[in-house]
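Q: Before we look at how strands and helices are arranged here, could you take me through the reading of each feature step by step?

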Amino acid sequence: MQVESLGIDIGGTNTVLGSVDSEGRVVQTVRLKTRMQDGPDALVEDIFIQATRMMGERRISQVGAGIAGLIDHRKGIVRSSPNLESWSDLPLKDMLHERFRVPVAVGNDVNAIAWGEYRFGGYDTEDLFCFTLGTGVGGGIVSQGRLILGANDAAAEFGHTAFEGNSRCSCGIAGCLEAYVGSERLVRKAKRRMRLASPLIKLVSKAELTPKLLAQAAREGDEVARKIFTEAGERIGRALGNVVQLIDPEVIVVNGGISKAGDLIIEPIRQALKRYTMPLKGRKLRVVRSKLGERAGILGAARLVEVLG
Ligand SMILES: [Zn+2]
């Protein structure tokens, strides 16, 4: 009988289940609505029913869930999550274990992504820093093959490292990196500039401006759009300089929606990082775009037990 591990990515709107084989391939996925109104038991029940249906005759050996927010990784408790706003101190690990009866782990979503990148990204390293670029900016650290959680399970909050200026961040602190390079900020900035002068205005007359459209425009040579990515990349590269000085990763993996812009943003990151990293003869360090993309979260969650178990 085929044995697979189950990775769960719990989002505010949708929850994705994925079964992963021993080689780290996603065998099958199912997407379901994250039913909030019926309480946490209903969500766990939905997950169990859909997973059982998906697996058929195949057996689940372990279960892992990734979710945004503050997680007690050791106990598998969701302290608070923007995706499950009305629930706090949710003993998700115990609830899932009650149903599946196999080893279960629960972790922060970006930690799950970082673990997926480490285990299955093929980067051949024990020291990796992964960050996600999207509406928010998250981070995950794998150092010497271990996931770094910190004393409060709050390590690697890359998006909320102090950057500059006074832009108020969603976390309440002024001047966080996220307040400068989060996708909403980039879109807002682009809108402001294109109002002044840009052919971009034609593109958005039909559709709402999105980071994807912004990347398309940049690739087609739109100067306003190119500059938005270049500036964001420079800022991220500078912030990453601090990360490099502190934890000395060998590989920095860029994941998340904006990473789809590819070299438009990654090249400026590399250039800035060079300027903000202490020269070191033969330093091992590279910045890469995730090859796993959206699969990283499912893959990492499916194997969280091996690091948190
Ligand atoms: Zn912040």
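A: Let us begin with strand pairing: two strands pair if DSSP finds at least two bridges between them. Helices (H or I, at least four residues) and strands (E, at least two) are DSSP runs, numbered from the N terminus. The model is a predicted one, in which local features need pLDDT of at least 70 and side-chain atom pairs count only at pLDDT 80 or more, while totals for chains, interfaces and linings use all residues. Residues are numbered from 1 along each chain as its sequence is written.

Q: How many bridges join strand β1 to strand β4?

A: Strand β1 (residues 3–10) and strand β4 (residues 59–67) run parallel and are joined by eight bridges. E4, for its part, stands opposite I60 in β4.

Q: What is the order of the strands in the open sheet?

A: The open sheet has five strands in the order β3-β2-β1-β4-β7, and its pairing is mixed. At the edges stand β3 (26–33) and β7 (104–108), each with a single partner strand, so one side of each has no neighbour in the sheet. From one strand to the next the twist averages 20°, where angles run from 0 to 180 degrees between N-to-C directions and axes are lines fitted to C-alpha atoms, for helices over the stretch in contact.

Q: Which strands does helix α1 touch as it packs on the sheet?

A: Contact between two residues is counted if their C-beta atoms, placed from the backbone, lie within 7 Å. Helix α1 (residues 40–55) touches β1, β2 (14–20), β3 and β4, and its direction makes about 35° with that of β2. Helix α10 (residues 295–302) lies across β1, β2, β3 and β4 and runs at about 125° to β1.

Q: At what angle do helix α7 and helix α8 pack?

A: Two packed helices are described by the angle between their axes and the distance between the axes. Helix α7 (residues 211–219) and helix α8 (residues 223–247) pack at about 110°, with their axes 7 Å apart. The two are therefore roughly perpendicular to each other, given that angles under 35 degrees count as roughly parallel, over 145 as roughly antiparallel, 65 to 115 as roughly perpendicular and the rest as oblique.

Q: Which residues in α7 and α8 meet?

A: From α7 come L214, A217 and A218, which meet A225, R226, I228 and F229 in α8.
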